[in-house]
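I opened this model with a few plain things to look up: the fold, the salt bridges and the surface patches. Here are my notes, in the order I made them.

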Amino acid sequence: MTYIHDTIVKLQKTSPAQAEFYQAVEEVLDSLQPILETNEKYQKHAIIERMVEPERQIMFRVPWVDDQGNVQVNKGYRIEFNSALGPYKGGLRFHPSVNAGIIKFLGFEQIFKNALTGLPIGGGKGGANFDPKGKSDGEIMRFCQSFINELYRHIGPTTDVPAGDIGVGAREIGYMFGQYKRLTGNYDGVFTGKSLLWGGSLVRKEATGYGCVYFAQYMLEAKGDTLAGKRCLVSGAGNVAIYTIEKLYQLGAVPVTCSDSSGTVYHETGINLDTLKELKEVRKVRLNEYVAAHPEAKFIPAADYPADGNAVWRIPAQLAFPCATQNELSEADAKALVANGVIGVSEGANMPSTQDAVEVFLDAKISYGPGKAANAGGVATSQLEMAQNASMQRWSFEEVDEKLKVIMKNIFLNASETAAEFGEPHNLVLGANIAGFRKVADAMIEQGVV
């Protein structure tokens, strides 16, 4: 379609060298062709051209002093992408791979993900090319304080509400909130993912992983199947992966893998969740130590991975849950999963499958839950935290978990019904993208040229 092609070409000129951002935009725009061809109003109002450009891009230096007294400098970002449905909402990522293209891809995805939740939140994302690994608590605190010294002037409970992402957990949120409170004098719900001691929500830590499993459950139920007894592959070993594994066990499935940057653990009888939590949440060490506690398990070093993908996806199973990072699952990995009998993939990470891998899943007509739908549980529970903060209440674990289940079911139904409306009932990528786009685009039209 010339309209889409011309938009992407223009974007590549105005935002050069941002490959992940182009990938996210192209994936969404390609699937919007059916609705763009039948609704002239979106082209008339230049919705696509407006939607791919952030409302605001904030980039700033973050100087801080390490434990040796040396001055270090990182680059900070906050991309406030779209506020048609509510205040900007999206996490902060601290990782050495962070650059403008990564943050823009994440922010763009966040627009549609947040729209699918049905909650009043817009899309944004932020972070810095800072690596918390190997840093002392004092160094992390000083970095977070310096980061907020600039960011505080751009955020607020009805303006922009950041959360955590890779490299940003309750510790980092605490340091940033403390500095925000010191600078503004306000004790408000400007961050989500806070400690339960001072305004956090129960289930927030678990939400992305739990939601990802609920989405898989609804995909299977739509085909008359269940999670019970299914062998499952999970990548990653952070919050999303750990609580994906926990919920899989609760619903009767058997997760047999997890992974980190050092390699993959394959435990045929099922990953020991207590050991995984001890290694990653308490001791914060590499997964190769897992086999010391469980010698019957196998550890596959990253150096031994196949050249065209990741070892975690080459193990026979029925369901796959990519929960690590973007583009972790290649076309060759997807073909191996399908050849090994996988019947469903539910993405816990953001854009973990390459576009070629997605095409393999769609061609095979397996149950495939794209990240913007399947991993929306985290941001949905963040909004529930905002609601609790605004009303000065604390809901029980069961209340929040029940609300999360309902939200994930509604996301699945919205995506699947929209896919069926456009003649591709198996294609939840198309369904999720069109459903999210239509909601945001119509709100933008009603709010005028802003």
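**Overall fold**

I began with the secondary structure and found 18 helices and 13 strands in the chain. Helices (H or I, at least four residues) and strands (E, at least two) are DSSP runs, numbered from the N terminus. I am working with a predicted model, where local features need pLDDT of at least 70 and side-chain atom pairs count only at pLDDT 80 or more, while totals for chains, interfaces and linings use all residues. Residues are numbered from 1 along each chain as its sequence is written, and side-chain values use heavy atoms, with hydrogens and water left out.

Next I checked the dimensions. The C-alpha trace spans about 60 × 55 × 45 Å along its principal axes.

I then looked at burial: 56% of the 450 residues count as buried. Buried means under 20% relative accessible area, exposed over 50%, and partly exposed in between (1.4 Å probe, protein chains only).

**Salt bridges**

How many salt bridges does the structure hold? I found 21 of them, each being a side-chain nitrogen of Lys or Arg within 4 Å of a carboxyl oxygen of Asp or Glu.

I looked up aspartate 67 and found its side chain in a salt bridge with arginine 142 (2.6 Å, N to O). This pair links distant parts of the chain, 75 residues apart: aspartate 67 is in the loop between strand S1 (56-65) and S2, and arginine 142 is in helix H7 (residues 137-151). Aspartate 67 is partly exposed at 44% relative accessibility, and arginine 142 is partly exposed at 28%.

Aspartate 165 came next, and I noted its salt bridge with arginine 93 (2.6 Å, N to O). Aspartate 165 lies in the loop between strand S5 (160-164) and helix H8 (170-184), and arginine 93 in strand S3 (residues 88-94), so the pair ties together parts 72 residues apart in sequence. Are these two buried or exposed? Aspartate 165 counts as buried at 18% relative accessibility, and arginine 93 counts as buried at 4%.

I also saw lysine 125 form a salt bridge with aspartate 165, the closest N and O atoms being 3.1 Å apart. Lysine 125 sits in strand S4 (residues 122-128), 40 residues from aspartate 165. Lysine 125 is buried too, as is aspartate 165. One more entry: salt bridges that share partners join Glu27, Glu109 and Lys372 into one network.

**Surface patches**

For patches I used residues with over 30% relative accessible area and no salt bridge, joining like charges within 9 Å and nonpolar side chains (Val, Leu, Ile, Met, Phe, Trp, Tyr) within 5 Å. Accessible areas come from the Shrake-Rupley method with a 1.4 Å probe; for residues, only the protein chains shown count as cover.

Val65, Val71 and Val73 make a nonpolar surface patch of about 260 Å². Valine 71 is in strand S2 (residues 71-82) and is exposed, with a relative accessible area of 62%.

Last, I found Glu26, Asp30, Asp356, Glu359 and Asp363 gathered in a surface patch of negative charge. Helix H2 (19-31) and helix H14 (355-364) each give two or more residues to this patch, and H14 has the largest share, 3 residues. Aspartate 30 lies in H2 and is partly exposed, at 38% relative accessible area.

Technical notes:
Lys, Arg positive; Asp, Glu negative; His and termini not counted. Charge placed at Lys NZ, Arg CZ, Asp CG, Glu CD.
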